[in-house]
Amino acid sequence: MIDTPLNQDPHRVSDFREKNLEVAIGREVRSYRRQQGMTVADLADKTGLSIGMLSKIENGNTSASLTTLQTISSSLGVPITSLFRRYEEAREAVHVKSGDGVETERAGTRAGHQYNLLGHLGSNTSGVMMEPYLISLTDTSDVFPTFQHDGIEILYMLEGVVVYRHGDQRFELNPGDSLLFDADSPHGPDELVQLPARFLSIICYPQ
């Protein structure tokens with residue numbers, strides 16, 4: 001676990017978890033209300049609660065009593081436990097120390113491109129998968145402008161200069177430059193101008 005001031009103070013941890021619970025409940029109330037095509041005023045009429053109170057609950061700005069939550073869940077026609085669903089779901093975090101990225105094989109490896117995977121989350125509730133890589137090119141690397149795969153990809157240049165091809169376009173990437181593109185089109189380094197070169201590659205695609 002990463003040691004932070006929040007982790008060090010149990011009272012702050014308690015406050016943080018309580019706030020997260022309020023926000024999670026509020027999101028569920030809003031989600032179920034909208035699914036049923038109800039306005040806040042409609043729900044207020046059904047529950048007998050004020051519009052202001054319901055707005056505070058949906059925005060996570062107040063701690064509703066169990067009696068109030070029971071009234072809301074009954075009016076929405078859902079079990080009261082469903083309002084706690086998102087709070088109870090596990091959320092992952094991956095911390096990779098500098099130099100500890102897992103070296104992995106990808107299509108460009110045979111062209112002398114070094115890939116270090118910077119973290120990986122399995123199935124999650126976001127519906128999105130992400131693969132973050134640190135890619136290193138040296139004087140033993142070859143050009144390889146024919147990558148093609150699903151998803152959206154963004155590159156962020158850290159060191160060196162590379163001319164990167166996407167489809168029939170070519171982009172000179174210098175440190176600090178970024179390139180966002182549809183990865184279904186052929187792409188990859190087309191000219192190695194200044195080496196060594198390093199850049200971040202983050203690929204996102206639906207689960």
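Phenylalanine 181 counts as buried at 5% relative accessibility, where buried means under 20% relative accessible area, exposed over 50% and partly exposed in between, with a 1.4 Å probe and protein chains only. The model is predicted: local features need pLDDT of at least 70, side-chain atom pairs count only at pLDDT 80 or more, and totals for chains, interfaces and linings use all residues. Residues are numbered from 1 along each chain as its sequence is written, and side-chain values use heavy atoms, with hydrogens and water left out.

Rings of Phe, Tyr and Trp (its six-membered ring) pair if their centres lie within 6.5 Å; planes under 30 degrees apart count as stacked, over 60 as edge-to-face and the rest as tilted. The count comes to 4 aromatic pairs. In the pair of tyrosine 164 and phenylalanine 181, the ring centres are 5.9 Å apart and the planes stand at 35°, so the pair is tilted. This pair links distant parts of the chain, 17 residues apart: tyrosine 164 lies in strand S4 (residues 152-166) and phenylalanine 181 in strand S6 (residues 178-182). Helices (H or I, at least four residues) and strands (E, at least two) are DSSP runs, numbered from the N terminus. Ring pairs also join Tyr164, Phe181 and Phe199 into a cluster.

Leucine 43 belongs to helix H3 (residues 40-47). Beyond its neighbours within four places in sequence, leucine 43 has contacts (heavy atoms within 4.5 Å) with Val29, Arg33, Met38, Leu54, Ile72, Ser75 and Leu76.

| Buried residue | Relative accessible area |
|---|---|
| Leucine 43 | 0% |
| Tyrosine 164 | 3% |
| Phenylalanine 181 | 5% |
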